[in-house]
Amino acid sequence: MVNGGAVEGIGGDMDTQDKRAKNKKTVNKKTVNEKTRNEAAHANEEFEQDASDLLELEEPVSADARGEGGLPSAGKRKGWKNALRAVLACLLMFALTSMLVVHFVYSDQFGRADAPDRSFYLVYDDLAAHFPREVVHFQSGRNTLTGYLYGASNRRGLMVIAHGIGGGADSYLTEIAHFVEAGWCVFAYDCTGSYASEGKGTRGLSQSALDLDAALSFLEGKSKEGALTDAEGKPAFEGLPVALYGHSWGGYAVAAVLGKGHNLSAVVSVAGYNSPPSMLLDQAHSMMGAFAYVQYPFLWSYNALLFGPAGWRTALDGINAVDTPVLLLHGTSDEMIGYETTSITAQSARITNPNVEYKACATEGQNGHNSLFMSADALSYVNELHAEYNDLLALRSGSVSEEERAEFFADINRMRASALDPGFMADVDAFLDRAIPN
């Protein structure tokens, strides 16, 4: 029993030793695991520190400004959107303001052109006894225009005269008288917003071509007014060749209307511009300087809103659409429509019509926008009149009574002040004779 008990005691000790050994191994294993975890954590901390140091060197977006995947945070994106909205709002405000400015500029530059109450130049009463006329009316868009027919019985041909902006048909009474005396039946008219015609304003640089198109349709009997007839009830201009003569605004119109379905035999364009948008830019540049280039898209857009496709039709478009004989006359020192820049003549390299002739008016003092067709004596006399009237204004401190004005203008020799340059008109007549032989 003792032996057996001893054996049992030894066995019990062995079991305890085994358990202790196992416990020791477990403790050792736990210690190793804890040590491993501590080492790993320490290594991870070192890695993160190294990474942080590296990132600091690269100056990354801060953690507050970064979301998952390194994308801007919601707050940052919202800031960008607000900034974009502000920029777009500013651009919209600038565009709206620019369009309003352009609208007011148009209203100012292209307002009504009423006949002056007094003038240095011929008025119809000066010629009425020798050049009777018939007053007619026709439609151009929404407005009724007034036209004047001279020399209705003349058979040389029908001459249609298109006036410059700021004037009217009566601004060209000397030319009208010249053509009537040369055997032409002459039709002149007041454009939209000018003199006796309807319209709150002249609208813009493209309007002259629209009004001339309407005038020609009226003369051809294609408008709702019907055809003009003679005393026997026959079409007034049947069988007559039709020629056009225009200055400045009208100089553009007589060229731009070519190719629009009218049967035209000859065109004389005096000091005309080629492109309304380009002319607008040139005028804007003279007023605003380089800022005009910023405003140009709005000028172009406003012109397009007013006129549609007609707003960008050029004189070159019309001239190249036909082979009609065209005479282009322009002053080399034109102060309004540059001889080498905005004039039709400046487009000579692009003109394909083989029947175009050019006349550069280069005589000093007679090479400007309004002086190229005037006689030297007329120009000198008008300068004297201006000087005398300015002296009168200075004497009266800028306020001249109506009685004094009436007395001053009553003494003016308007025939002399309106005299045309003989050489200029001789060139025009010679061209017409070549284009339309008698």
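**Pockets, cavity and rings**

Author: Fine; bear in mind that this is a predicted model. The second largest pocket holds about 270 Å³ of space.

Reader: Which residues are closest to the centre of the second largest pocket?

Author: Leu-219, Glu-220, Phe-237, Leu-240 and Val-242 are the closest to its centre, out of 16 residues that line this pocket.

Reader: And the lining by class?

Author: The lining of the second largest pocket has 11 nonpolar, 3 polar and 2 charged residues.

Reader: Now the largest pocket. What is its space?

Author: About 1,000 Å³. It is lined by 39 residues, and Ser-119, Tyr-121, Asp-170, Ser-171 and Tyr-195 are the closest to its centre.

Reader: Which elements give two or more residues to that lining?

Author: Helix H4 (173-181), H10 and H11 do. By class, the lining of the largest pocket divides into 20 nonpolar, 13 polar and 6 charged residues.

Reader: Let's stay with H11. Which of its residues are buried?

Author: Helix H11 covers residues 402-410, and its buried residues are Arg-405, Phe-408 and Phe-409.

Reader: Why do they line one face of the helix?

Author: Looking down the axis of H11, the buried residues fall within an arc of 90°, so they line one face. As background, an α-helix has 3.6 residues a turn, so residues three or four places apart point the same way.

Reader: What does the face turned away from the buried side carry?

Author: That face of H11 carries the exposed residues Glu-403, Glu-407 and Ala-410.

Reader: And what covers the buried residues?

Author: The cover includes helix H10 (376-395) and helix H12 (414-417).

Reader: Two Phe in a row there. What kind of aromatic pair do Phe-408 and Phe-409 form?

Author: Let me start with the total, then another pair. The structure holds 14 aromatic pairs. One of them is Phe-179 with Tyr-245: the ring centres are 5.4 Å apart and the planes are at 65°, so the pair is edge-to-face, the cut-off being over 60 degrees.

Reader: Where do Phe-179 and Tyr-245 sit in the chain?

Author: Phe-179 is in helix H4 and Tyr-245 is in strand E5 (residues 242-247). They are 66 residues apart, and the pair links distant parts of the chain.

Reader: Buried or exposed, those two?

Author: Phe-179 has 0% relative accessibility and counts as buried. Tyr-245 is buried as well, with a relative accessible area of 1%. Back to your pair: Phe-408 and Phe-409 are edge-to-face, 5.5 Å centre to centre, with 80° between the planes.

Reader: Last topic. How many cavities of 30 Å³ or more are there?

Author: The count comes to 1. The largest cavity has a volume of about 90 Å³.

Reader: What lines the largest cavity?

Author: Val-105, Tyr-106, Gln-109, Phe-110, Leu-280, Gln-283, Ala-284, Met-287 and Leu-299. Helix H2 (74-109) and helix H7 (276-288) each supply at least two residues of that lining.

Reader: Which element has the largest share?

Author: H7, with 4 residues.

Reader: How do the lining residues of the largest cavity divide by class?

Author: They divide into 7 nonpolar, 2 polar and no charged residues.

Definitions and conventions:
Residues are numbered from 1 along each chain as its sequence is written. This is a predicted model: local features need pLDDT of at least 70, side-chain atom pairs count only at pLDDT 80 or more; totals for chains, interfaces and linings use all residues. Side-chain values use heavy atoms; hydrogens and water are left out. Buried means under 20% relative accessible area, exposed over 50%, partly exposed in between (1.4 Å probe, protein chains only). The arc is that of the directions from the helix axis to the C-beta atoms. Contact means heavy atoms within 4.5 Å. On a 1 Å grid over the protein atoms alone, a cavity is a set of points where a 1.4 Å probe fits but cannot get out, and a pocket is an open set with protein on both sides within 12 Å along at least five of seven lines; lining residues have an atom within 4 Å of a point. Grid points are joined across faces, edges and corners, and a volume is the space filled by probe spheres set on the points. Ala, Val, Leu, Ile, Met, Phe, Trp, Tyr, Cys and Pro count as nonpolar, Asp, Glu, Lys and Arg as charged, and the others, Gly among them, as polar. Rings of Phe, Tyr and Trp (its six-membered ring) pair if their centres lie within 6.5 Å; planes under 30 degrees apart count as stacked, over 60 as edge-to-face and the rest as tilted.
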